[in-house]
Amino acid sequence: MDSAAPDFQPRTFSIKLWPPSDSTRLMLVERMTKNLSTESIFSRKYGLLGKEEAHENAKRIEDMCFASADEHFKTEPDGDGSSAVQLYAKETSKLMLEVLKKGPKTAAEPEAPAIDTPVEVADTVFDISGGKRAFIEAEEAKELLSPLTKPGNSYKRICFSNRSFGIGAANVAGPILESIKTQLTEVDLSDFVAGRPEDEALDVMRIFSKALAGSVLRYLNISDNALGEKGVRAFTELLKSQGDLEELYVMNDGISEEAAKALSELIPSTEKLKVLHFHNNMTGDEGAMSIAEMVKRSPNLESFRCSATRIGSDGGVALAEALGTCTGLKKLDIRDNLFGVEAGVALSKTLPKLHDLVELYLSDLNLENEGTLAITDVLKQSAPQLEILEMAGNEITAEAAKGLAECLVAMQSLKKLTLAENELKDSGAVMIAKSLQEGHPDLKELDVSTNMFQRSGARCFAQAITNKAGFVLLNINANFIPDEGIDEVKEILKGGKNSLDVLGPLDENDPEGDPEDDDEEEDGEDDADDEEKDGDNNGDSGLGSKMQDLKVEED
């Protein structure tokens with residue numbers, strides 16, 4: 001190499017994690033609102049917040065935490081913002097827990113009871129999930145669980161979530177739990193072996209399982225424990241003794257085909273089951289067959305969640321058929337699977353049997369127009385009472401808009417509609433918007449972001465919601481709305497009953513975008529794929545990375 005050549009200095013790049021975008025902050029508020037207003041062990045202890053109160057608290061919490069984290073970020077301007085993000089998440093979780101423990105407001109907020117005034121509900125719930133996630137060993141377990149050893153205690157509900165039990169702590173907890181198991185009705189063992197080696201975690205599960213075997217539970221939560229088949233079988237004694245369960249949560253547990261089969265085999269009866277949640281597992285089609293068998297044996301199900309479980313067409317068909325036995329179902333969430341058109345059509349044959357359905361989550365199922373129309377065609381007849389409908393990310397185009405619009409006209413009870421990440425364009429957007437303009441007095445949220453529409457679609461959506469009292473959020477982000485179209489939307493909103501506050505962020509809108517460009521790009525990609533196949537070219541296509549939206553999970 002020529003010694004006179006200049007030294008090569010590689011360019012360095014830095015990614016700033018702070019501040020979060022407006023859309024990320026809005027998404028966090030929505031997630032907190034849902035968490036604060038969803039039934040949990042906290043709501044059973046302290047009461048359930050209504051949607052409006054939950055939203056008010058979520059907005060207040062986010063504002064406070066953002067301000068605090070932003071001040072922190074200003075002290076380290078050269079950093080990447082990761083510590084600010086951590087503070088943002090930590091403080092958000094902390095304040096959410098405080099709100100949950102405070103419970104809902106009453107018509108006239110009473111003064112806090114005097115210290116010597118007993119509160120019966122507090123005496124029935126034993127909860128150690130608050131604070132930082134921590135490892136627990138024998139000595140700490142003795143102190144922490146001592147209230148359970150007091151003679152005559154009336155604890156019926158226990159929550160050991162967010163504390164990681166080792167063998168020593170489990171050996172302390174085992175005899176204590178066995179001594180009170182006949183009085184227990186609800187047990188939350190979610191996330192209680194985090195960070196433990198597999199062998200130790202399995203032994204801890206067996207100790208808890210043996211101690212609680214024979215209890216008559218209505219609620220059992222064993223989520224977030226990376227169970228797999230080994231973990232499910234570690235709970236054999238407990239699961240085999242449960243014939244009266246009303247709620248079962250097995251989320252984020254690595255539930256594979258074998259684990260799903262084991263779970264289905266071990267629980268003797270699910271006839272009384274009202275809530276069954278399997279979110280975020282690796283179940284697949286074969287595992288879905290076992291879950292479908294459980295569903296068939298659960299005629300009283302009211303809430304079924306099997307989202308993000310890698311279930312394809314065959315498993316989707318099996319689940320759809322099994323759900324036909326659950327005629328009292330109120331909430332169905334099967335988002336983020338690989339159902340495809342065939343499973344969508346199968347689901348359309350089941351939906352007319354679900355007369356009590358109130359919430360339906362069908363986003364990211366690859367339904368396409370055919371599957372979408374099969375479903376909406378039956379929903380307009382069978383589910384006028386539906387309050388939440390989500391069908392984002394299903395490749396729905398303007399061709400299906402007429403049928404979808406007819407369905408929406410029949411759904412006058414809708415409170416939330418999500419059709420994001422489809423391909424409605426202006427022609428489809430106008431039809432959908434007009435279907436919502438008359439009636440729909442309870443509509444609060446409308447998400448039609450990322451749908452390739454321009455000025456006409458945006459204007460019609462604004463007109464559709466501008467005079468609906470109590471409307472909260474219109475999301476038209478990530479479309480191709482020109483600047484004059486944005487101005488027009490704002491004027492429409494200013495002139496109606498709702499203010500500009502209902503308009504979501506527009507940071508990802510592309511005012512110069514053209515929906516036809518997307519079509520040309522797709523055609524180009526198809527041609528490139530054909531050329532690659534013709535040339536038998538197996539070269540790498542390159543790696544892409546995306547910054548994911550900030551997600552805050554409660555500890």
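**Exercise 1. Glu387 and its partner**

Task: In this predicted model, find which residue forms a salt bridge with Glu387 and where the two partners lie.

Solution: 
- Step 1. The partner of Glu387 is Lys415, and their closest N and O atoms are 3.6 Å apart.
- Step 2. Buried means under 20% relative accessible area and exposed means over 50%. Glu387, at 26%, is therefore partly exposed. Lys415, at 37%, is partly exposed.

**Exercise 2. Arg218 and the network**

Task: Describe the salt bridge of Arg218 with Glu186, then name the network that holds both residues.

Solution: 
- Step 1. The Arg218 and Glu186 side chains meet at 2.8 Å, N to O.
- Step 2. Arg218 is in the loop between α8 (198-212) and β6 (219-221) and Glu186 is in strand β5 (residues 186-188), so this pair ties together parts 32 residues apart in sequence.
- Step 3. Arg218 is partly exposed at 23%, whereas Glu186 is buried at 2%.
- Step 4. Arg157, Glu246 and Glu247 are linked with Arg218 and Glu186 in a network of salt bridges. The model's count of salt bridges is 28.

**Exercise 3. Packing of helix α12**

Task: Compare the span of α12 with the expected value, and list what its buried residues pack against.

Solution: 
- Step 1. Helix α12 (residues 284-296) has 13 residues and reaches 18 Å from first to last C-alpha, close to the 18 Å expected.
- Step 2. Its buried residues include Gly284, Ile291, Met294 and Val295.
- Step 3. The buried residues of α12 pack against β7 (247-249), α11 (257-266), β8 (275-277), β9 (303-305) and α13 (313-322).

**Exercise 4. The nonpolar cores**

Task: Which residues touch the most other members of the largest nonpolar core?

Solution: 
- Step 1. The largest core has 125 residues, and those touching the most other members are Phe160, Phe165, Phe208, Val295, Phe304, Leu389 and Ile432.
- Step 2. Leaving out residues up to four places away in sequence, Phe208 touches Phe160, Phe165, Ala170, Ala173, Leu177, Leu189 and Phe192.
- Step 3. Another core, of 20 residues, lies apart from the largest one; Ala58, Ile61, Ala69 and Leu95 are among its members.

Key
Residues are numbered from 1 along each chain as its sequence is written. This is a predicted model: local features need pLDDT of at least 70, side-chain atom pairs count only at pLDDT 80 or more; totals for chains, interfaces and linings use all residues. Side-chain values use heavy atoms; hydrogens and water are left out. A nonpolar core is a set of buried Ala, Val, Leu, Ile, Met, Phe, Trp, Tyr and Cys residues joined through side-chain atoms within 4.5 Å. Buried means under 20% relative accessible area, exposed over 50%, partly exposed in between (1.4 Å probe, protein chains only). Contact means heavy atoms within 4.5 Å. Helices (H or I, at least four residues) and strands (E, at least two) are DSSP runs, numbered from the N terminus. The expected span of a helix is 1.5 Å times one less than its number of residues. A salt bridge is a side-chain nitrogen of Lys or Arg within 4 Å of a carboxyl oxygen of Asp or Glu.
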